[in-house]
Protein chains: 2
Amino acid sequence: MKAEIIAVGTELLVGQIVNTNARYLSEELNAIGVDVYYHTVVGDNLERMKAAFETAHRRSDLVVVTGGLGPTQDDVTKEALAAFTGRSLLIHEPSLKKIEHYFTSRGIVMTENNVRQAHTLEHALVLPNDNGMAIGVALVHESTRWLLLPGPPREMQTMFANYARAWIMEQMGETTSLYSTTLKFSGIGESSIETELLDLIENQSDPTIAPYAKEGEVALRISTKAADREQAERKTAPVVAEIRARLGDYLYAERDIPIEQAVVELLQRTNRSVSVAESCTGGLLAELITSIPGCSQVFAGGIVSYSAKAKIEQLDVHPETIRMHGTVSAETAESMAKGCLRRFGTDFAMAVTGVAGPGEIEGKPPGTVFIAVADRSGARVYDLRLSGDREIIRMRAAKAVLYRLWERLRSQSEQEC
Amino acid sequence: MKAEIIAVGTELLVGQIVNTNARYLSEELNAIGVDVYYHTVVGDNLERMKAAFETAHRRSDLVVVTGGLGPTQDDVTKEALAAFTGRSLLIHEPSLKKIEHYFTSRGIVMTENNVRQAHTLEHALVLPNDNGMAIGVALVHESTRWLLLPGPPREMQTMFANYARAWIMEQMGETTSLYSTTLKFSGIGESSIETELLDLIENQSDPTIAPYAKEGEVALRISTKAADREQAERKTAPVVAEIRARLGDYLYAERDIPIEQAVVELLQRTNRSVSVAESCTGGLLAELITSIPGCSQVFAGGIVSYSAKAKIEQLDVHPETIRMHGTVSAETAESMAKGCLRRFGTDFAMAVTGVAGPGEIEGKPPGTVFIAVADRSGARVYDLRLSGDREIIRMRAAKAVLYRLWERLRSQSEQEC
């Protein structure tokens, strides 16, 4: 099945926002075996929208349109598809009732234009909006399937996941569903993973193995079509087992979570606590940890010691250590981690000191980073040589120390078993 | 002039990356008075690319194509345009020499496929790549102007700014250039700014006023066409003065910088230092400040006191304050700021404590946030009621306290004058 994604919205054409909806839908459609051949963006203009629909109709089996379903005069996606297919617009009464109820229950007067959000087309399927008011539409016109989804990403993604995906698979005549397992790695680069798994990746057919990388993390998505999850698991288990055998040291999760979440969960499970001491990451490490809801159970806090003085006064780094080795050194990283552990009284402490760039520090080039993980038995320091700009170096340094703590936690919890 | 932006790349169609090039180009083209009517994304496929070029040729005066100029077999954008326009591909010798020099100067053997990066088309203008190897191309075919730019954003943006923009303006027959001033506001929402400036925005023609918002910041771009910067400034000065008169309290910069940069620069100029005490922002505030190169002159460091214990032990908040008022309270925010000021010995300290969500804390709903700014004369506390999800609340809280420090710094530096 060949698909095209059309995003409607003048705000995209003036560069106000980026088309993240096309990225989400591309990933999801590819995952269920739909090939995306085109993305199109068109403004809130009835004539140009109809022309774009005509082009899409000619070249695609499935057209997914996002945006232009709201209450204002600008929102004309349903009108455009009605005009193009020669179908009437109808009010979907159950959806209108829900919209009216939303307003009355809040004591707000519903303006007339909100009725438009309950519009559907003749002989179309209504897709409920679980996160908003504008309903979606699915219909088949001649040989082309059409899906109209709302523009706000949260509404669009929920509607796609809860209703649209199943409709597409039904249209494809699928009696099987696609099941995916995501394996997440840290402490190893994408190219090394590909090298280690080259034979598996080159000979893949079912299940498929697709790698993709972020800063400091790599994901492998293992996908297969099956009648149910149990059958899918039987098919993917040998592949996952083989990957685990080769790369288990770096495999921190068998679902799509960032390394900071794996660390927080492992701390929660083992009832341990952590604190952080940061220099070049400047708060990023603490920010990653605290982006995980529920982290307060295990995260006491952190100290951003950006100046040498702060390292001495807030983390008890000995002035002599800094004088002898510099602020960017293995010795300072170790001392920061130990000072942090003492000050917060946590089970573990992580420390990062380095040169994020753009300039050198103490004659050391950008990318020179020392990280340390301390517990009551002592500290272990790692010397990193990172590449990238200021922002990338900071992110890679933060992910690297999280990976080292995860590694330590895992080896301890294995020993305890 | 009606424009279309075509991004070439299968990585976009499988959802691996987002089309940020289209956003950049849309913004830049709109700024010089070019209307962008369509964005298209097409894969690395010669036939589909030619079909997309045909469609674009029919409906657009200017087509800007990004991507597919590299050395590999996948990179066929120039071949596709050559086939579509019936022109030959030629080697641009000066560019080939530069590429060869790049390799020989590094002692690397140049593989044959790199010659492709020096390809141009018959009767085309070559656009140099100041950040990479693949050259760009500009040409006029029948009534349509074509620009081929590289895919990597850094290469594309530099080529556009240094060469392509001027070519487009020349093609438009412009003897004037577009000049823009960006005004940045914080502490006020986009809708309030629009309300305050409604008469100016509604009656605008030249200069134009375009607002756009990020979390905790709003930008207004004031643009005009003029023969030179001096003439442009004469035209925009009265508008800027009027906006300054109405909204000067919130206007933190007359160029496009984030509030944290305005704060760092004002601290540098007044030779003051700052430290931060964070709870719900969890390191984000420190991270924003340390994302500004050169901040180490004025930023001593920070304490992320995520637990009540850390607030007491690391920031000297009195246990009684927490027992009486809770960790999320004006009293705790004030005490955190004062403790931070004392511990770091800085001229200023900022503090944030609040509920980022998803759950309540101490019976207080997500969005309840207290921020404080302290100096040696005391602390001032602000009570915020923020909306949005966890991530948005954290960002808005961090930007709000930065704005309050900026406000304090400005009023002090005005008094000193």
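## The contact between the chains

The contact takes 55 residues from chain B and 54 residues from chain A, where contact means heavy atoms within 4.5 Å. This is a predicted model, in which local features need pLDDT of at least 70 and side-chain atom pairs count only at pLDDT 80 or more, while totals for chains, interfaces and linings use all residues. Residues are numbered from 1 along each chain as its sequence is written, chains are lettered from A and ligands numbered from 1 in the order in which they are written, and side-chain values use heavy atoms, with hydrogens and water left out.

The size of an interface is often given as the accessible area lost when the parts come together. Between chain B and chain A the buried area is about 4,400 Å², and carbon and sulfur atoms give 52% of that area. Buried area here is the accessible area (1.4 Å probe) that two parts lose on being put together, summed over both.

## How the two copies are related

Chain B is superposed on chain A by a rotation of 180 degrees with 0.4 Å of shift along the axis, at an RMSD of 0.4 Å. The same surface serves both copies, as 98% of the contact residues of chain B recur in chain A.

## Polar links and paired strands

Two salt bridges are found across the interface of chain B and chain A; a salt bridge is a side-chain nitrogen of Lys or Arg within 4 Å of a carboxyl oxygen of Asp or Glu. The side chains of B:Arg394 and A:Glu287 form a salt bridge, with 3.2 Å from N to O. On the side of chain B that touches chain A there are 26 nonpolar, 20 polar and nine charged residues. In this division Ala, Val, Leu, Ile, Met, Phe, Trp, Tyr, Cys and Pro count as nonpolar, Asp, Glu, Lys and Arg as charged, and the others, Gly among them, as polar.

Strand E14 (residues 299-305) of chain A pairs with strand E14 (residues 299-305) of chain B in the antiparallel sense, over five bridges. Two strands pair if DSSP finds at least two bridges between them. Helices (H or I, at least four residues) and strands (E, at least two) are DSSP runs, numbered from the N terminus. A:Gly301 has B:Ser305 as its bridge partner in E14(B).

## Links within chain A

Over all chains, the structure holds 51 salt bridges. In one of them the side chains of A:Arg59 and A:Glu4 meet at 2.8 Å, N to O. This pair links distant parts of the chain: A:Arg59 is in helix H3 (residues 46-59) and A:Glu4 in strand E1 (residues 2-8), 55 residues apart.

A:Gly187 is in the loop between strand E9 (177-185) and helix H7 (190-196) of chain A. Leaving out residues up to four places away in sequence, A:Gly187 touches A:Gly216, A:Tyr250 and A:Tyr403.

## Backbone details

The peptide bond from A:Gly357 to A:Pro358 is cis, with omega near 5 degrees. A:Pro358 lies in the loop between strand E15 (348-354) and strand E16 (368-375) of chain A. In chain B, the bond from B:Gly357 to B:Pro358 is also cis, with omega near 5 degrees.

Conventions: Copies are superposed by least squares on the C-alpha atoms of residues with pLDDT of at least 70 in both.
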